Amino acid sequence: MIRLEGVTKRFPNGQEALKGLSLSVDDGEMVFVTGHSGAGKSTLLKLIALIERPTSGQVIVDGQNTRRVSRRKVPAYRRQIGMVFQDHKLLYDRPVFDNVALPLIIAGVGHRDASRKVRAALDQVGLLRKERQFPETLSSGEQQRVGIARAIVSRPKLLIADEPTGNLDPDLSLEVMRIFRRFNEVGVTLLIASHDIALIDQLGCRRIALEDGTLQQQADEDPVAEYVERYEAERERDQWQ
Ligand SMILES: Nc1ncnc2c1ncn2[C@@H]1O[C@H](COP(=O)(O)OP(=O)(O)O)[C@@H](O)[C@H]1O
Ligand SMILES: [Mg+2]
């Protein structure tokens with residue numbers, strides 16, 4: 001579903017957010033991107049959403065090389081991807097229903113069809129009875145669930161979320177993750193940036209750990225550790241000969 005090949009992102013000020021990054025996420029996976037602040041998590045998600053373009057390397061999403069998606073085609077490209085942000089990005093002068101309906105209205109979906117889809121999405125996040133309320137009358141966790149409903153209302157195959165539980169307490173965070181898990185169970189691929197390791201471990205999902213714009217060296221892939229291990233094994237064997 002997602003493949004990065006040697007992706008570097010250098011910003012105009014010279015800052016390199018990603019450095020020759022290669023990774024892949026299979027169709028139907030639920031994967032977390034972890035790493036300290038500044039590791040490159042948001043930049044990775046922005047490249048997938050075509051909010052940013054790579055300086056070099058390839059970003060391939062659902063078989064499409066994003067390099068070939070022209071600026072004119074970006075809106076259509078983005079419609080296939082659901083996006084969830086830490087700060088919700090809701091319209092506060094519109095009720096919940098309108099917020100969730102927004103992507104469908106932009107896509108020109110008819111009113112009756114849109115209503116049905118909005119209600120289904122609100123039902124999936126447990127907010128069906130709040131469709132007439134305005135976002136500021138909802139709790140932070142509920143507002144985040146409105147953001148999730150809006151992200152999935154067009155039934156995307158891929159959902160990307162940037163620190164979706166960053167402002168939530170542990171209970172609400174787990175609830176949001178359970179909602180994501182349910183989407184995953186019906187086949188949606190999810191890529192979620194988070195630094196809440198405890199929560200991720202609880203879910204038992206694969207982790208892509210970023211450090212300073214590259215993949216963090218895994219302990220079992222550490223060439224020095226592997227060398228030391230082999231050296232010690234050989235020495236032990238020699239002792240018995
Ligand atoms: N628009 C930008 N211009 C310059 N530097 C940026 C920009 N966006 C991000 N960066 C830098 O790129 C690095 C990675 O940022 P980011 O992807 O936001 O990391 P994370 O989401 O893991 O905290 C940071 O050093 C950040 O300061
Ligand atoms: Mg970030």
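This is a predicted model: local features need pLDDT of at least 70, side-chain atom pairs count only at pLDDT 80 or more; totals for chains, interfaces and linings use all residues.
1. Start with a term. Helices and strands here are DSSP runs, numbered from the N terminus; a helix has at least four residues and a strand at least two.

2. Most residues other than glycine have a negative phi. Histidine 88 has a positive one, near 65 degrees. Lysine 89 lies in the loop between strand 6 and helix 3 as well. Its phi is also positive, about 50 degrees, although lysine 89 is not a glycine.

3. Histidine 88 has 21, so it is buried. Lysine 89 has 11, so it is exposed.

4. Move on to helix 3 (residues 96-106). Its buried residues are Val96, Asn99, Val100, Ala101, Pro103 and Leu104. What do they pack against? Their partners are helix 4 (111-124) and helix 5. Just after helix 3 comes glycine 108, with a positive phi of about 80 degrees.

5. Now the interior. In soluble globular proteins, nonpolar side chains tend to be buried together. The largest nonpolar core in this model has 54 residues. Val100, Ala149, Leu159, Ile160 and Leu190 have the most contacts inside that core. Helix 5 (residues 140-152) gives the most to the core, with 5 residues. Why does the core lie between two domains? Domain 1 (26-53 + 64-80 + 156-241) and domain 2 (92-155) both give residues to the core, so it lies between them.

6. Take isoleucine 160 as a case to trace on the model. Leave aside its neighbours within four places in sequence. Isoleucine 160 is then in contact with Leu45, Ile48, Ala49, Ile81, Met83 and Leu191.

7. Next, the ligand. Which residues surround ligand 1? They are Phe11, Asn13, Gln15, Ala17, Gly35, Ser37, Gly38, Ala39, Gly40, Lys41, Ser42 and Thr43. By class, this shell has 3 nonpolar, 8 polar and 1 charged residues. Helix 1 (residues 41-48) gives the most to the shell, with 3 residues.

8. Strand 1 (residues 2-10) pairs with strand 4 (residues 56-61) over 5 bridges.

9. Strand 9 (residues 206-211) has two pairings to check. With strand 3 (residues 30-34) it runs parallel, joined by 4 bridges. Valine 31 has arginine 206 of strand 9 as its bridge partner. With strand 10 (residues 214-215), strand 9 pairs in the antiparallel sense over 2 bridges. Here glutamate 211 stands opposite threonine 214.

10. Finish at the turn. Strand 9 and strand 10 form a hairpin with 2 residues between them. Aspartate 212, in the turn, has a positive phi of about 55 degrees.

Technical notes:
Residues are numbered from 1 along each chain as its sequence is written. Chains are lettered from A and ligands numbered from 1 in the order in which they are written. A residue is near a molecule or strand if its C-beta atom, placed from the backbone, lies within 6 Å of it. Ala, Val, Leu, Ile, Met, Phe, Trp, Tyr, Cys and Pro count as nonpolar, Asp, Glu, Lys and Arg as charged, and the others, Gly among them, as polar. A nonpolar core is a set of buried Ala, Val, Leu, Ile, Met, Phe, Trp, Tyr and Cys residues joined through C-beta atoms within 7 Å. A residue is buried if 20 or more other C-beta atoms lie within 10 Å of its own, exposed if 12 or fewer, and partly exposed in between; C-beta atoms are placed from the backbone. Domain bounds come from an automatic or database domain assignment. Two residues are in contact if their C-beta atoms, placed from the backbone, lie within 7 Å. Two strands pair if DSSP finds at least two bridges between them.
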